[in-house]
Amino acid sequence: MATKSVELARECKRQFENCLYTSSTLLIWLRWLRGLKVFFTIAPIVCGSLGSWRILTASSSGTMTALGAIGSFLGGLLSTIYSALKLDTHIAEARTAAGELTSLRDSFRQAALVSSKKSFEEFEAEVTKLRARLDKVRALGLTPPDLCFKMAQKKVRSGDYTFDLDQEVGDGALLPEASKSEPRSLLE
């Protein structure tokens, strides 16, 4: 039977992997949210410009009138949608959570590899603090789209988070392999 320290180190490795996938998911989602913010900032300007195009060209054609009306309508509608989606709030939450999960990922890795060598009481105290931080992030209840998680899986498995040093010393054991069972995000 494995010792308590070994089991706690294994749990740290699991949490390292969870944080790796979840922070990657949130970073991908954050890029999407920022893209949406740019769209909802620029699109109303473009649509408003189209709405005033008829005035600038002094055209009375039916096509230009329809284009102007649609542009004006979309300009107002997109601004309302942007406000309703509260993208600024989602961006701030995703940025904060992604940063904290990245920090936790590294802390769980260090706990598994270094702190596990300490006495069990010291090791357990460190892990307890990390779990409290993890619980705070989970309490945010962020729900990025599942597609972002699938993209994060692909990114992690492609080796984007594999360090050359770990490969040199044979310490890549913490990183998930493609043959392992499907990891789940902490947010699910």
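This predicted model contains 6 helices and 0 strands. Read from the N terminus, the order of its elements is α-α-α-α-α-α.

Let's look at the whole protein before zooming in. Of its 188 residues, 35% are buried. The accessible surface amounts to about 11,000 Å², and carbon and sulfur atoms account for 61% of that surface. Now consider contacts between residues at least 6 apart in sequence: 82% of them join residues at least 24 apart.

| Residue | Helix | Contacts |
|---|---|---|
| Ser 24 | α1 (residues 4–57) | Ala 152, Val 156 and Tyr 161 |
| Ser 107 | α3 (residues 87–113) | Leu 130 and Arg 133 |

Start with Ser 24 in helix α1. Is Ser 24 buried or exposed? Its relative accessibility is 1%, and a residue counts as buried when that value is under 20%, so Ser 24 is buried. Which backbone atom lies 2.8 Å from a polar atom of the Ser 24 side chain? That atom is the backbone oxygen of Leu 20.

Next comes Ser 107, which belongs to helix α3. Ser 107 touches Leu 130 and Arg 133. How many residues apart along the chain are Ser 107 and Gln 15? They are 92 residues apart, while their C-alpha atoms are separated by 9.8 Å.

Technical notes
Residues are numbered from 1 along each chain as its sequence is written. This is a predicted model: local features need pLDDT of at least 70, side-chain atom pairs count only at pLDDT 80 or more; totals for chains, interfaces and linings use all residues. Side-chain values use heavy atoms; hydrogens and water are left out. Helices (H or I, at least four residues) and strands (E, at least two) are DSSP runs, numbered from the N terminus. Contact means heavy atoms within 4.5 Å. Buried means under 20% relative accessible area, exposed over 50%, partly exposed in between (1.4 Å probe, protein chains only). Accessible areas come from the Shrake-Rupley method with a 1.4 Å probe; for residues, only the protein chains shown count as cover. A polar contact is a pair of N or O atoms within 3.5 Å; within protein, one must be able to donate a hydrogen and the other to accept it, and residues adjacent in sequence count only if both atoms are side-chain atoms.
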